Amino acid sequence: MPDISPDRLDGYLLVAGILFVAGVFAIISRRNAIGVLIGIELMLNAAALQFAAYGRFAPSAADPQGQTAAVFVVVVAAAEAAVALALFFAVYRTFRDVDLEATRELRS
Amino acid sequence: MIAFAEAFPLALVRPEAALTGGLLAILASDLSPGANARRLGPVLGIVSCAVAMWLACAAPVGNVGTMLAIDGVTTLARLLILPLTAFLLLGGMGERRHGNDTGAWSASVVAVGLGALIAAAAANFVALWLGLELVALAGYTLVAFRGGDRRSAEAGMKFVLFGGAVSAVMLFGISHVYGATGHLDFVGIGAAFASGAPVLAGFALLLAGAGIAYKLTLAPFHFFAPDVYQGSPAIAVATVSTLPKIAAAAALVRILMTAVPPSLLAPVTLGGAIAVLAAVSMLLASFTALVQRDAKRIVAFSGIGHGAAVVLAIGCLPSREAAAAAGFYLLTYVGSNAGALLCLSVLERARGSTSLADLAGSWRSQPWVSSLLCLFLLSLAGVPPLAGFLGKWGVLQQALAAGMAPGGSSAMVVAVLLFLLATAVSAWSYLLVVRAVVFAEPAAANERTQRREPVALATRVVLGVSTVATFGFGLWLDGLVALARML
C-alpha cells in the first residue's frame, strides 16, 4: 500500500495512473466519439498531473520544468479538444451520428 | 534586451520565425473583407517558405537553450521541409482553385510545415511534443477539409481520435522519463542514462517513442493510414504523408544520438531491434497493399513501407552515412509521393474516385497525367534510373555495412533480407495501379460521367518539378556522400 499523504509523490502517481487507465479503458470500450475524446483528455491530464508532481518532488527542490510542461499540456489539450469537436460536428452534419460503428464508409 | 538575446538567440531560428510570420500574415489576410486579399494565402505562404529557405541556407549552428538544437540534422530537415511546403501550397493552388477557403487551407499547410520544423529541431521532449502536436492539429483539419463530404469527415474523425490517443500515450511516457531522470532535454536524459537511470526510464522512453513511430506510420501504429488517406483529398494526403515523416525521422535521429544509450534493450542491440521492427512493418504493408482496390489506399500502405525503410536506415546509427541515407531516402520519397498524389488528385476530380475500377483506362483520356502517375509509382517501387532506386540502394548499403561489420548485429542482416522481399512484393502492388491506368478497359458508364477540366498551371508546375526531381535525384549518384558531408 503506497503512502498517499499529500507531501509524498506516491499518491499523485497513483491518481495519475488511475486516470490514465480509465482513459485507456474509455478509448477501448466507448463507441461514441465523444466518449473516446473524454478518454484521451483523461490520459492527457494524467500526464499533466504527473509532470506537476514530478516537478514538485524533484531532487533539486524548485525544478520549474515539470510545472511548465503541465501548463503546456493543458493548453494543447484544450486546442486538441476544440479541433476534435469541430471534426465531430462535421461528421454529425453528414451522418447525423457520431457513433464510431455507424460512421464507417472507408474500408478496403 | 541583451539578456533576452543571450537567452534566446533569434539568429538561430530565423527560418522558423519567417514561417511563423507567413502563417500570421495568411491568417490576417483571411480576415480581410476583400475576396482578392483572401486569395493571397498560398502566395504569402510560398513567399515565406522562400524567405525561410534563404535564411536556412545561411543559418548559424548552435543551441537555443536546451530546447532546440540547430545542427546538421536540423539544416537537412529544413532544406527538405521548406521547399516541400512551398510545393504543397502551389499544388493546393492548382487543385483547389474554386474554393473560397484558400486562406484556411494554406494556413493549415504552413502550420504543418512549421510544426515539422520545430519537431525536427527539438532537443527537448516538450518542444518535440509541441512540434508534433502542431503538425497533428493542422493535419486533422487538412484531412477533413472537404466540407460536407462523408468520407473526408470520417477520415478526419478517425485521424483525430487515433492521433490524440497516441499523443497522450507519448506524453505519459515523457512524464515518466522526466520523473525517472529529472530531465526533459535529450542531453540531460542521455547523461542520466549514462550514470545509471532506473529500468522504468527505459520503458517510459519506449512509450515516448510511440508518438514518433506513429508519425512514421510504423506498425503497430499504422491502422489509421489507409482509411484516412482514402477519405481525404489527395493533396491533403500529400501533406500528411510527407512532412510529419521528415520531422519524426529527424527527431528519432537526434534522440538516438543523444538521449538513448545503445544498450537500452541489452542484450539485444537497439539498432538491430529497430531494424527488425521496421522490416516487419514493411513486410506487413507490402502484403496488405496487394489486396487493396483503391489507389490512395495503395499509396497509404506504400507510405508505411517507405517510413519503415527510413527507420531501417536510422537503425544503422551512429554512422553519419546512416543518417544521410535516411535523409536521401526521404528526399527521393517525398518528390515521387507528392507527384503521385497530385496526379491522383487530378484523376480523382475527373473520374469521381481513385478506386482502381474508376481509374481504369484513364490513360486514354488523360495520357499525360496518367503517364506521370505511372512514372512516380515506378520510382516509389524502386525501378533503376529513377530516384526511388538510389534511395533504396543507399539504405540497403548502410544496413548491410552495419550488419556485416565485425561485431555487427545479425538482426540487421535479417532485416535486409525482409527489406528486399518487401520491396519485390510492394512493386507488384504499384503495378496493379499501372495496369488499371494503362491496360484496363474503362467502364462505359464511367466514360460518360467524366468531367473534363484542363490541368491548372500551378499543378503543371509542381508535376514538372516532381518529374525533374524523380529523374534528377535518380542520377545524383554522390547525393548520399554530399548529404553526409552536411551532417
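Colleague: Where is Ile34(A) found?

Modeller: Ile34(A) is found in helix 2 (residues 33–56) of chain A, where helices (H or I, at least four residues) and strands (E, at least two) are DSSP runs, numbered from the N terminus. Please keep in mind that this is a predicted model, in which local features need pLDDT of at least 70 and side-chain atom pairs count only at pLDDT 80 or more, while totals for chains, interfaces and linings use all residues. Residues are numbered from 1 along each chain as its sequence is written, and chains are lettered from A and ligands numbered from 1 in the order in which they are written.

Colleague: Is Ile34(A) buried or exposed?

Modeller: Ile34(A) counts as exposed because it has 12 C-beta neighbours inside 10 Å; a residue is buried if 20 or more other C-beta atoms lie within 10 Å of its own, exposed if 12 or fewer, and partly exposed in between, with C-beta atoms placed from the backbone.

Colleague: And which residues does Ile34(A) touch?

Modeller: Not counting residues up to four places away in sequence, Ile34(A) touches Phe88(A) and Val98(A), a contact being two residues whose C-beta atoms, placed from the backbone, lie within 7 Å. The C-alpha atoms of Ile34(A) and Ala84(A), which are 50 residues apart along the chain, are separated by 8.9 Å.

Colleague: Staying in chain A, what is the phi of Arg96(A)?

Modeller: The phi of Arg96(A) is near 60°, a positive value in a residue other than glycine. Arg96(A) has its place in the segment after helix 3 (64–95) of chain A, and with 9 C-beta neighbours inside 10 Å this residue counts as exposed.

Colleague: Let's change topic to the two chains. How many residues of each are in contact?

Modeller: On the chain B side there are 36 residues, in contact with 35 residues of chain A. Helix 7 (125–143), helix 8 (150–181) and helix 11 (224–231) of chain B each supply at least two residues of the side that touches chain A, and helix 8 of chain B gives the most, with 17 residues.

Colleague: What's that side made of, by class?

Modeller: The side of chain B that touches chain A has 18 nonpolar, 11 polar and seven charged residues, where Ala, Val, Leu, Ile, Met, Phe, Trp, Tyr, Cys and Pro count as nonpolar, Asp, Glu, Lys and Arg as charged, and the others, Gly among them, as polar.

Colleague: Now helix 10 of chain B: where does it bend?

Modeller: Helix 10 of chain B bends by about 25° at Gly209(B), the bend at a residue being the angle between axes fitted to the seven residues ending there and the seven starting there. The buried residues of helix 10 of chain B, among them Leu205(B), Ile212(B) and Tyr214(B), pack against helix 7, helix 8 and helix 13 of chain B.

Colleague: Why does Tyr214(B) count as buried?

Modeller: Tyr214(B) is buried because 26 other C-beta atoms lie within 10 Å. Leaving aside neighbours within four places in sequence, Tyr214(B) is in contact with Val166(B) and Phe221(B), while Tyr214(B) and Phe162(B), 52 residues apart in sequence, are 9.4 Å apart in space, C-alpha to C-alpha.

Colleague: What comes just after helix 10 of chain B?

Modeller: Just after that helix, Thr217(B) takes a positive phi of about 45°. Thr217(B) is found in the loop between helix 10 and helix 11 of chain B, and Thr217(B) is buried, with 29 other C-beta atoms within 10 Å.

Colleague: How is chain B divided into domains?

Modeller: Chain B is divided into domain 1 (10–261) and domain 2 (268–487), with bounds that come from an automatic or database domain assignment. In chain B, 38 residues of domain 1 are in contact with 44 residues of domain 2, and the largest share of the domain 1 side, 13 residues, comes from helix 5 of chain B.

Colleague: Last one, where is Cys316(B) found?

Modeller: Cys316(B) is found in the loop between helix 15 (295–314) and helix 16 (320–351) of chain B, and with 29 C-beta neighbours inside 10 Å it counts as buried. Leaving aside neighbours within four places in sequence, the contacts of Cys316(B) include Gly271(B), Gln398(B) and Ala402(B).
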